Amino acid sequence: CFPPPRSTPSAAGARWWHVGRRGFVASVEAGAKGEMESTMKEIRGGGAPCVLDMDDAATVGGGVEDTYGEDRATEEQLVTPWTVSVASGYNLLRDPRYNKGLAFTEKERETHYLRGLLPPAVTSQELQERKIMHNIRQYQLPLQRYMAMMDLQEGNERLFYKLLIDNVEELLPIVYTPTVGEACQKYGSIFSRPQGLYISLKEKGKILEVLKNWPERSIQVIVVTDGERILGLGDLGCQGMGIPVGKLSLYTALGGVRPSACLPITLDVGTNNEELLNDEFYIGLRQRRVTGQEYADFLHEFMAAVKQNYGEKVLIQFEDFANHNAFDLLARYGTTHLVFNDDIQGTASVVLAGLVAALKLVGGTLAEHTYLFLGAGEAGTGIAELIALEMSRQTKTPIDECRKKIWLVDSKGLIVSTRKESLQHFKKPWAHEHEHVGNLLDAVNAIKPTVLIGTSGKGQTFTQEVVEAISSFNEMPIILALSNPTSQAECTAEQAYTWSKGRAVFATGSPFDPVEYNGKTHVPGQANNAYIFPGFGLGVVMSGAIRVHDDMLLAASEALAQQVTQENFDKGLIYPPFSNIRKISAHIAANVAARAYELGLASRRPRPKDLVKYAESCMYSPIYRNYR
């Protein structure tokens, strides 16, 4: 018995033989083959390299390998359902990648020993989809719907993604924010089967061995968290796994990255959440978080093991790390690994896209507006830096000058130069000359911003007085209440439109229903990172990029802003509807890949002639395959 390798053989056309159950012989053909960088450089030290300073010798390889016939371009090909052998019978029904339930054809039931294991009816994938959606809609609680979707993902992968792609606007709030936040809080109670890899301090010194326990070898995207800052909910420890699982579901559904190429990971270094430590259902280590050198050594072992096991071109997305670790990790590994922090860089990119689109409603350029942030953590400083970077690019002005148009308020008030000595390093670029201002309302009245952005993680901090103040000196104030989940939003859509008398250009991080004010229906935009990171990841993967550069984030923002139509603007929207997300992701991927080629960071050769069409062809398709 000669089982196939876990990844596609490198030689195109190689044939692998396997003597399977009942003595039959099967074969399968191998498929054809700042904050942002500027600030990161300061943190690393002035003489440290940026990603473009590196040797560009690695110019071969990259791109995508369709091991299991998952891409849109391979929909018509016959697929052999390999696991360790050709899957058949009961095992085939229990394999989520290949299970089709009642959609197995008569021929497939005969060939793969399914007779008697299924009822006689043969149904279509479309009928299965209608039935599952009907059942999900019967649940009253969002968490129940979340659990039903996770059960489906574990039982029938293609049907899960078909459902999510076709009903994205309805199901996105279920598999992602805001419901995923509640799921993480209750993860220990609802946990039934593991998803992804759990790497705890118990595995220190053996992380490479743990990575090799994962059955897939051709991993292209990893989302990893240590659970210390889950959304706006704080330290959830090991139960933060819901975030990597949810993010990677969206990488596949929205960006088309194949599920077999995705790996969710939680690094369990303990938790400081006393409630979890005393919870009998908690699934993580029952100890307080390690910090300092022990934490740094553990992370370094993990990063080295990932590179050794999966190679140079696996995208590692840091997710929901606390501020003090997030910036340091991005700075430390930005020039040695292909890393991306969605809280810093993804949020920045999607907000910048919304601002660029909003300018078509309110007029002016980025440099002609004044920005005030509530919140000076990963998201706030990341957004601020990317705005300054784009402002600098447009005006050819030094970035330090552009930063002076951007003000930040943290828990101690307006960040000003007199506070500089006591500030964390990532806040120091935003310490401008100004007298001390102790709260947001006074800062609004003093700075008179045209754009107000909330990244505080604190609900109801954009009070009526604050919204009325910014509306008093702006005809159309731009107000972005970005904190997640919904309960942590700085204000609701109804509050923003009512207090601004219907004049605000408004968007949030979590979804809100349309609001009617004075006979006009206002549809709030959603500045959701899901617009950016799936397409960004696809662009990185399909170009074989070896590093992430700020210009690639700007490229993603440009592509997203270009997808907003006049019809969207007429409704007051600054983001396109999620119903078109796969088309949007293809354009983002193409723009990101094009910029990677221009920067010399792409390793896939030759460059595809039409990057949009190539992106679409690389996208995972959830349509059922016909089996040999």
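The model is predicted: local features need pLDDT of at least 70, side-chain atom pairs count only at pLDDT 80 or more, and totals for chains, interfaces and linings use all residues. Residues are numbered from 1 along each chain as its sequence is written, and side-chain values use heavy atoms, with hydrogens and water left out.

Let me begin with the UniProt record. Under "binding site", an unreviewed entry lists E319, D320 and D343. These residues span 25 positions in sequence, yet no two of their C-alpha atoms are more than 6.8 Å apart, so they gather at one spot. E319, D320 and D343 are included in the lining of the second largest pocket. A pocket here, on a 1 Å grid over the protein atoms alone, is an open set of points where a 1.4 Å probe fits, with protein on both sides within 12 Å along at least five of seven lines; lining residues have an atom within 4 Å of a point. UniProt positions follow the numbering used here, feature names are shortened, and annotations may be inferred rather than shown by experiment.

D320 lies in the loop between β6 (315–318) and α14 (323–333). Helices (H or I, at least four residues) and strands (E, at least two) are DSSP runs, numbered from the N terminus. With a relative accessible area of 2%, D320 is buried; buried means under 20%, exposed over 50% and partly exposed in between, for a 1.4 Å probe and protein chains only. Setting aside neighbours within four places in sequence, D320 is in contact with residues including R229, L231 and D343, contact meaning heavy atoms within 4.5 Å. The D320 side chain also reaches the backbone nitrogen of L231 at 3.3 Å.

D343, in helix α15 (residues 342–362), counts as buried at 8% relative accessibility. What does the side chain of D343 reach? It reaches the backbone nitrogen of D320, at 2.7 Å.

N484 sits in the loop between β12 (478–481) and α20 (493–499). A polar contact of 2.5 Å joins the side chains of N484 and S510; such a contact is a pair of N or O atoms within 3.5 Å, where within protein one must be able to donate a hydrogen and the other to accept it, and residues adjacent in sequence count only if both atoms are side-chain atoms. N528, in the loop between β16 (525–526) and α21 (533–543), is buried at 1% relative accessibility. Its side chain reaches the backbone nitrogen of A530 at 2.9 Å.

I turn next to helix α6. In α6 (residues 157–166), 8 of the 10 residues are buried, so the helix is largely enclosed by the rest of the structure. These buried residues pack against α4 (125–138), α5 (142–155), α7 (168–175) and α11 (242–253).

Finally, the cores. A nonpolar core is a set of buried Ala, Val, Leu, Ile, Met, Phe, Trp, Tyr and Cys residues joined through side-chain atoms within 4.5 Å. Of the 127 residues in the largest one, L355, I387, I406 and F536 touch the most other members. Helix α24 (residues 581–599) contributes the largest share of this core, 11 residues. A second, separate core of 36 residues includes L197, L285, M303 and F426.
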